[in-house]
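Dear colleague,

Please find below the structure that I am handing over to you.

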Amino acid sequence: MIGLEAIKVQRNNYLAITISWFSGYFVLSILIDVIQQLFGFKLGNPLTANPILSFFYLSAAPLNEEIFFRVLLLGIPLFLLFIPSGKGLFLSTLNHPYKNIPYKKGKYTTLAIAIIIALNSLAFGLTHVIFGGGYEIGKITQAGLGGVIIAWLYYRYSLSSAITFHWISNYVFFAYSIFGYFLFKTPWNAESDNLFLAIISVVFIVMGVIFLYRLLEQLITKYLTKSKM
């Protein structure tokens, strides 16, 4: 598993870690959308006709979905599989699985965790289309990628990091849409022609490119180091 310690983000600054991962995801999600649209697959739009109601749904989703997908569908399985019974670590593990899972349990621990995260992320992507209202088939890939990152953040850095990531994706961007709508009468349910969204998008893109470059650099360095051993 990869932590951000290796790419010069403060080890204990979970907010900086979460923002960095979101920036990378933001860049990748744009690329996914562009590529999918070339083949006719669209993300869709889950927003209702009422901006206030849409704002409420998007604001509540990070808490509701993270409790369901991460705590119930990821935290509990990890606890049952890797935490010896009777240790009194149930709530602690649901909040931050990484600090309670014993890594000396066996060589297949990391693989098992990766499989659980992958299945959790697949379910996360599929449910966005099946139960997500206006989302279309292209959302599965984007939401699935987001699910992988959020699940990793939950496992490695705690539930608060997962909720923060999801909150940035939903609340922050839509808040700027609403702000632009009331201030400049720009469309609240479209990303184009919104100055505030354009500015924040550029900031996240720049941060995301830097983050992905450093992450790729670290992966290559790690691979080359292992190949020489």
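This is a predicted model: local features need pLDDT of at least 70, side-chain atom pairs count only at pLDDT 80 or more; totals for chains, interfaces and linings use all residues.

Residues are numbered from 1 along each chain as its sequence is written, and side-chain values use heavy atoms, with hydrogens and water left out.

**The chain as a whole**

The chain contains 7 helices and 0 strands; helices (H or I, at least four residues) and strands (E, at least two) are DSSP runs, numbered from the N terminus. Along the sequence the pattern reads α-α-α-α-α-α-α. Of the 229 residues, 40% count as buried, where buried means under 20% relative accessible area, exposed over 50%, and partly exposed in between, with a 1.4 Å probe and protein chains only. Among the contacts (heavy atoms within 4.5 Å) with a separation of 6 or more, 69% join residues 24 or more positions apart.

**The nonpolar core**

A nonpolar core is a set of buried Ala, Val, Leu, Ile, Met, Phe, Trp, Tyr and Cys residues joined through side-chain atoms within 4.5 Å. The largest one here has 35 residues, and W21, F22, L78, F165 and F173 have the most contacts inside it. Two or more residues each come from α1 (14-38), α2, α4 (109-130), α5 (139-157), α6 and α7 (195-228). The greatest contribution is that of α5, with 8 residues. In soluble globular proteins, nonpolar side chains tend to be buried together.

L78, one of the core residues with the most contacts, touches I83, P97, I101, I113, I116 and Y155, not counting residues up to four places away in sequence.

**The pair α2 and α6**

Two packed helices are described by the angle between their axes and the distance between the axes. For helix α2 (residues 51-82) and helix α6 (residues 159-184), the axes come within 9 Å and cross at roughly 170°. Such axes are lines fitted to C-alpha atoms, for helices over the stretch in contact, and the angles run from 0 to 180 degrees between N-to-C directions. The two helices are therefore roughly antiparallel to each other; angles under 35 degrees count as roughly parallel, over 145 as roughly antiparallel, 65 to 115 as roughly perpendicular and the rest as oblique. Residues of α2 in this contact include F55, L58, L63 and V71, and those of α6 include I163, W167, Y171 and F174. By class, the contact has 15 nonpolar, 4 polar and 2 charged residues. In this classification Ala, Val, Leu, Ile, Met, Phe, Trp, Tyr, Cys and Pro are nonpolar, Asp, Glu, Lys and Arg are charged, and the others, Gly among them, are polar.

L74 is also found in α2, and it is buried, with a relative accessible area of 0%. Leaving aside neighbours within four places in sequence, L74 is in contact with F69, I116, I117, N120, A151 and Y154.

With 25 residues, α1 reaches 36 Å from its first C-alpha to its last, close to the 36 Å expected at 1.5 Å a residue; the expected span is 1.5 Å times one less than the number of residues. Just after α1, G40 takes a positive phi of about 85°.

In α4, the buried residues are T109, I113, I116, I117, N120, S121, F124, G125 and H128, and they pack against α2, α5 and α6. L119 also belongs to α4 but is exposed, with a relative accessible area of 56%.

L153 has its place in α5 and counts as buried at 0% relative accessibility. Beyond four places in sequence, L153 is in contact with I17, T18, W21, S158, S161, A162 and F165.

S158 lies in the loop between α5 and α6. Although S158 is not a glycine, it has a positive phi of about 100°. S158 is buried, with a relative accessible area of 6%.

Yours sincerely
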